Amino acid sequence: MTDMTGKSDGFRDEKYMIVPTESFAEYMEHPLVRAFYLTDVGFFPKAKAHYYEREEGADQYILIYCTEGKGVIEVEDEKYFLGKSDAFCIPRNVCHRYYADEREPWSILWVHFKGDNTKLFPLEERRLVHLNSRHSDNQMMVLFKLLFKVLERNYNLGNFIYISQVLSLILAEIYYREKLDESTTQDRHVTQVIRFMYQNLSGNLTLEDISNQVQLSKSYLNAIFKTHTGRSPVEFFIHLKMQEACKLLKSTDLYVYEVSVRLGYSDPYYFSRIFKKVVGVSPKDYKNGDYFYCG
């Protein structure tokens, strides 16, 4: 039987640690500790019949990370359904309850915390975050294990500082690592496409050509290029070609029509029109004048 204010019986292999912050008020004033400090931390594996309710909320933020199974978090009138690799932070001082799924009870890592730097994270947004990276999932387990390991040692300033840093890493893993992963993936795709473009400056690539080569959708390519370069892939390719044209005009004795042919333009007049539109002057004027184009 479960108490309506919490679990009545422990869960097998659970970890539950309370940090006596009141007894170490001097440490709490250290800038590195004051930034983030936890008051409670735990791990409830396969927490069948787990239920907790706080009508007045809590004075701390409550971060819950589900390692397996399912559960529900209710904050005021909203429900959030957590599954494996989902994280959710309950804001301070708001009515809430959370409980395990009856059929597939969750296993959760959780921590209660405060700190000056909590405002640097979107903890009030009630955002359900899914960590879809195996690295992030493993990293969460490692970071919580570090918390437990340090809390089993002496309560001294160094350990409190260390705990604060680990807690900051946990929050960064949840709220900023996913964005970084997404950005890194997009960076890799943009770099892959640009390398392909450089290898084909003598050709006339279309968006479909690029899409087929890198096996990415045309809409996705347009979106990431707009985000990272401010131009569509085809516009970016044309600018690369004009950069190369500028280099050839200034560093070689090639005539304008020869540069045009080398860059895949059979019609030198068409090449000249594009060059002037992009660079601002004609190829001939660029070659003979004191111009420099960096695109």
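Y176 is partly exposed, with 35% relative accessible area; the classes are buried under 20%, exposed over 50% and partly exposed in between (1.4 Å probe, protein chains only). The model is predicted: local features need pLDDT of at least 70, side-chain atom pairs count only at pLDDT 80 or more, and totals for chains, interfaces and linings use all residues. Residues are numbered from 1 along each chain as its sequence is written, and side-chain values use heavy atoms, without hydrogens and water.

The whole structure holds 20 aromatic pairs, where rings of Phe, Tyr and Trp (its six-membered ring) pair if their centres lie within 6.5 Å; planes under 30 degrees apart are stacked, over 60 edge-to-face and the rest tilted. Two of the pairs are tabulated.

| Pair | Centre to centre | Angle between planes | Class |
|---|---|---|---|
| F121 and Y176 | 5.3 Å | 40 degrees | tilted |
| Y265 and F271 | 5.6 Å | 45 degrees | tilted |

F121 lies in the loop between β9 (107–114) and β10 (129–130) and Y176 in the loop between α4 (157–175) and α5 (177–198), so their pair ties together parts 55 residues apart in sequence. Helices (H or I, at least four residues) and strands (E, at least two) are DSSP runs numbered from the N terminus. F121 is buried at 12% relative accessibility.

Y265 is buried at 5% relative accessible area, and F271 is buried at 0%.

For K15 over F148 the distance to the ring centre is 5.7 Å; for R54 over Y52 it is 4.2 Å.

Notes. Lys NZ or Arg CZ within 6 Å of the ring centre and 35° of its normal.
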